[in-house]
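Here is a friendly walk through one model, written for someone who likes to check geometry by eye. Have the viewer open and follow along.

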Amino acid sequence: MSTITPRQPQFNLGEDLPTWWFDRDITKTLVMTAQSCTFPEGERFFIRSVRNFQDKVKSPTLQKAIRGFIGQEAHHGNAHEDLNALMASRGLPTRKIENFVKNGLAFRERIMSPERRLAMTCALEHFTAMLAELVLTDPEFLKGMDTRVRALWVWHAIEESEHKAVAFDVYQETVGDYWIRSSQMVTTSIQFMLFSLMHFIALYRSLEEKPGLWDTLKGLGYFIGPTSKTTKLLPRYLSYFRPGFHPGEVDGAQERARALKWVSEQLDVPLSA
Ligand SMILES: [Fe+2]
Ligand SMILES: [Fe+2]
């Protein structure tokens, strides 16, 4: 298992940050903002889901990894809250989406078993691990993004890649049921797609001046087009359904080290490896 180091860099997302920070493209920025809105409460949900099973974990190595995981996810939530607040100051309804996510997760905590909630966390950690791999292996994916926001997403990707196996290992050690894990991935995937679209629409509808239809489709196609870099992650996504799957089968240590050096240089602060 890789070292899981919580780091707390400051991203200086100030007034001078352009509103359309992803390639000056409204649609691309809104797609990423929609994701960012789910992180503060989503990360807290992940932490609670893992904590429910922490006492049952016997392995001291995994116990240490859980502490690293909790530290990292807590900082991610706070950093995305800052980005969302900045977008709210530019007139976007990010608070409304954050509250919607908070209520939706509270509802799930009432109706789903702890085992299902942990499986849901594993499923979403697979999504974040895949996107992290894309960000770390293909710097072109975030090309044109304002350096400060890009440093935030790259830092998040590094730490997602570091802790990608923690929730899964906790699940395997304490629950281990293949049916719950795989069926939960199916329902979580459907919900992930639906809610991502819904949050995007909420942001898009709030715009006083909307981009033209072609620009909107081009921006969306960047993420969900048939030849987009994210669509090409499909085989990696499907690997989750193999009974013997483990998140650690893709390492990424070299890419993380390279990306960490880049973030340190951009923020002009040394970040611990
Ligand atoms: Fe995270
Ligand atoms: Fe994570």
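## The metal sites

With angles of 52 to 154° among its 6 donor atoms, the site of the iron ion (ligand 2) is irregular. Do keep in mind that this is a predicted model. The protein donors here are Glu-73 (OE), Glu-125 (OE), Glu-125 (OE), Glu-160 (OE), Glu-160 (OE) and His-163 (NE2), at 2.0 to 2.7 Å from the iron ion (ligand 2). Read along the chain, the donors of this ion give the spacing E-x51-E-x34-E-x2-H. Glu-73 lies in helix 2 and Glu-125 in helix 4 (residues 114-137), so this pair ties together parts that are 52 residues apart in sequence.

What coordinates the iron ion (ligand 1)? Its donors are Glu-43 (OE), Glu-43 (OE), Glu-73 (OE), His-76 (ND1), His-156 (NE2) and Glu-160 (OE), at 2.0 to 2.7 Å. The angles subtended by these 6 donor atoms run from 51 to 164°, which makes the arrangement around the iron ion (ligand 1) irregular. Its donors follow the spacing E-x29-E-x2-H-x79-H-x3-E along the chain. Glu-73 in helix 2 and Glu-160 in helix 5 (residues 147-162) are 87 residues apart, and this pair links distant parts of the chain.

| Residue | Relative accessible area | Class |
|---|---|---|
| Glu-73 | 0% | buried |
| Glu-125 | 2% | buried |
| Glu-160 | 3% | buried |
| Arg-24 | 68% | exposed |
| Asp-268 | 70% | exposed |

Buried here means under 20% relative accessible area, and exposed means over 50%. At 0%, Glu-73 therefore counts as buried, and Glu-160 at 3% does too.

Arg-24 has a phi near 55°, a positive value in a residue other than glycine, and Arg-24 sits in the segment before helix 1 (26-54). Asp-268 has a phi near 60°, again positive in a residue other than glycine. Its place is in the segment after helix 10 (253-267).

## Helix 2 against helix 3

Back to helix 2, the element that holds Glu-73. The axes of helix 2 (residues 60-89) and helix 3 (residues 94-111) come within 8 Å and cross at roughly 135°. The two helices are therefore oblique to each other.

Which residues of helix 2 meet helix 3? On the helix 2 side they are Glu-81, Asn-84, Ala-85, Met-87 and Ala-88, and their partners in helix 3 are Thr-94, Arg-95 and Glu-98. The residues of this contact divide into 3 nonpolar, 2 polar and 3 charged.

Methods. Residues numbered from 1 in each chain as written. Chains lettered and ligands numbered in written order. Predicted model: local features only at pLDDT ≥ 70, side-chain atom pairs only at ≥ 80, totals over all residues. Heavy atoms only, no water. Axes fitted to C-alpha atoms, helices over the stretch in contact; angles between N-to-C directions. Helix = DSSP H or I, 4+ residues; strand = E, 2+ residues; numbered from the N terminus. Parallel < 35°, antiparallel > 145°, perpendicular 65-115°, else oblique. Contact = heavy atoms within 4.5 Å. Nonpolar A, V, L, I, M, F, W, Y, C, P; charged D, E, K, R; others polar. Donors = N, O, S within 2.8 Å, 3.2 Å for Na, K, Ca; no water. Tetrahedral: all angles 85-135°; square planar, octahedral: opposite > 155°, others 65-115°. Buried < 20%, exposed > 50% of the residue type's maximum accessible area, 1.4 Å probe, protein only.
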